[in-house]
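Biologist: I have the file open and a few questions. Can we start with what you mean by a pocket, then go through the fold?

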Amino acid sequence: MSEPSIFSRILAGEIPSEIVAETENVFAIRDIAPQAPLHLLVIPKTEDYRNVVELAAGDPALLTEMVGLANTLAAEHADGDFRLIFNTGAGAGQTVFHVHAHVLAGGLAEGSLGG
Ligand code: AMP
């Protein structure tokens, strides 16, 4: 068995973090190094999937649930518009290999990907 991921340790209460939402299968926290006015991480409770490609192949309903929670949180904490990012692979900046979605919102229209 490998060590629990940092996100599993947060969920277990071993590392302090504000859990902003939690359902049966998914939870959300504030990113410790925010890259936008709202920067949340939506994370499945299972760490069976290392990245979004594995998740989409293995449990598409869980991926759908993550997208739904991202949408709900963007509406609750910002104006409802958001950017959803899954860094996939170390070369793309992924540092935690327990799949998670970055939910970025607020003042993004002028951003590099926002045109
Ligand atoms: P990634 O680089 O896509 O794997 O994303 C990992 C994210 O986890 C980064 O944006 C980090 O800032 C964030 N992160 C790491 N440790 C913590 C923590 N203890 N609490 C909240 N976010 C964290």
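Modeller: A pocket here is an open set of grid points, on a 1 Å grid over the protein atoms alone, with protein on both sides within 12 Å along at least five of seven lines. A volume is the space filled by probe spheres set on the points. Keep in mind that this is a predicted model.

Biologist: Fine. How much space lies in the largest pocket?

Modeller: The largest pocket holds about 280 Å³. It is lined by 18 residues, and those closest to its centre are Ile6, Phe7, Asp31, Ile32 and Leu41.

Biologist: Which element gives the most to that lining?

Modeller: Helix α1 does, with three residues. Both α1 and β2 supply at least two residues of the lining.

Biologist: And by class, what does the lining have?

Modeller: Nine of the lining residues are nonpolar, seven are polar and two are charged.

Biologist: Staying with α1, where does it run, and what about Ser8?

Modeller: Helix α1 covers residues 6–11, and Ser8 is in it.

Biologist: Is Ser8 buried or exposed?

Modeller: Buried: the relative accessible area of Ser8 is 16%, and the cut-off for buried is under 20%.

Biologist: What is Ser8 in contact with?

Modeller: Glu47 and His98, once neighbours within four places in sequence are left aside.

Biologist: New topic. In what order do the strands come in the sheet?

Modeller: The order is β1-β2-β3-β5-β4, in an open sheet of five strands with antiparallel pairing. At the edges are β1 (19–22) and β4 (83–85), each of which pairs on one side only. From one strand to the next, the twist averages 20°.

Biologist: Which helix packs on the sheet?

Modeller: Helix α3, residues 60–77, packs on it and touches β1, β2, β3, β4 and β5 (101–105). The direction of α3 makes about 155° with that of β3.

Biologist: Take me across the sheet from β1. How many bridges pair it with β2?

Modeller: Three, in the antiparallel sense. The two strands form a hairpin with three residues between them. Within that pair, Ile19 stands opposite Ile29 in β2.

Biologist: Next pair, β2 and β3. Over how many bridges do they pair?

Modeller: Strand β2 (residues 26–30) and strand β3 (residues 38–44) pair over five bridges, antiparallel.

Biologist: Why is β3 described as largely enclosed?

Modeller: Because seven of the seven residues of β3 are buried, the strand is largely enclosed by the rest of the structure. Both of its faces are covered: Leu38, Leu40, Val42 and Pro44 are buried on one side, and His39, Leu41 and Ile43 are buried on the other.

Biologist: How many residues of β5 are buried?

Modeller: Five of the five, so β5 is largely enclosed by the rest of the structure. One side has Ala101, Val103 and Ala105, the other has His102 and Leu104, and all are buried.

Biologist: Last one, Tyr49. Where is it found?

Modeller: Tyr49 is in the loop between β3 and α2 (52–58). Its relative accessibility is 16%, so Tyr49 counts as buried.

Biologist: What does Tyr49 touch?

Modeller: Not counting residues up to four places away in sequence, Tyr49 touches Glu54, Leu55, Gly58, Asp59, Leu62, Phe97, His98 and Val99.

Biologist: And what separates Tyr49 from Leu38?

Modeller: Their C-alpha atoms are separated by 25 Å, and the two residues are eleven apart along the chain.

Definitions and conventions: Residues numbered from 1 in each chain as written. Predicted model: local features only at pLDDT ≥ 70, side-chain atom pairs only at ≥ 80, totals over all residues. Heavy atoms only, no water. Pairing = 2+ DSSP bridges. Helix = DSSP H or I, 4+ residues; strand = E, 2+ residues; numbered from the N terminus. Axes fitted to C-alpha atoms, helices over the stretch in contact; angles between N-to-C directions. Contact = heavy atoms within 4.5 Å. Buried < 20%, exposed > 50% of the residue type's maximum accessible area, 1.4 Å probe, protein only. 1 Å grid on protein atoms, 1.4 Å probe; cavity = no way out; pocket = protein on both sides within 12 Å on 5 of 7 lines; lining within 4 Å. Nonpolar A, V, L, I, M, F, W, Y, C, P; charged D, E, K, R; others polar.
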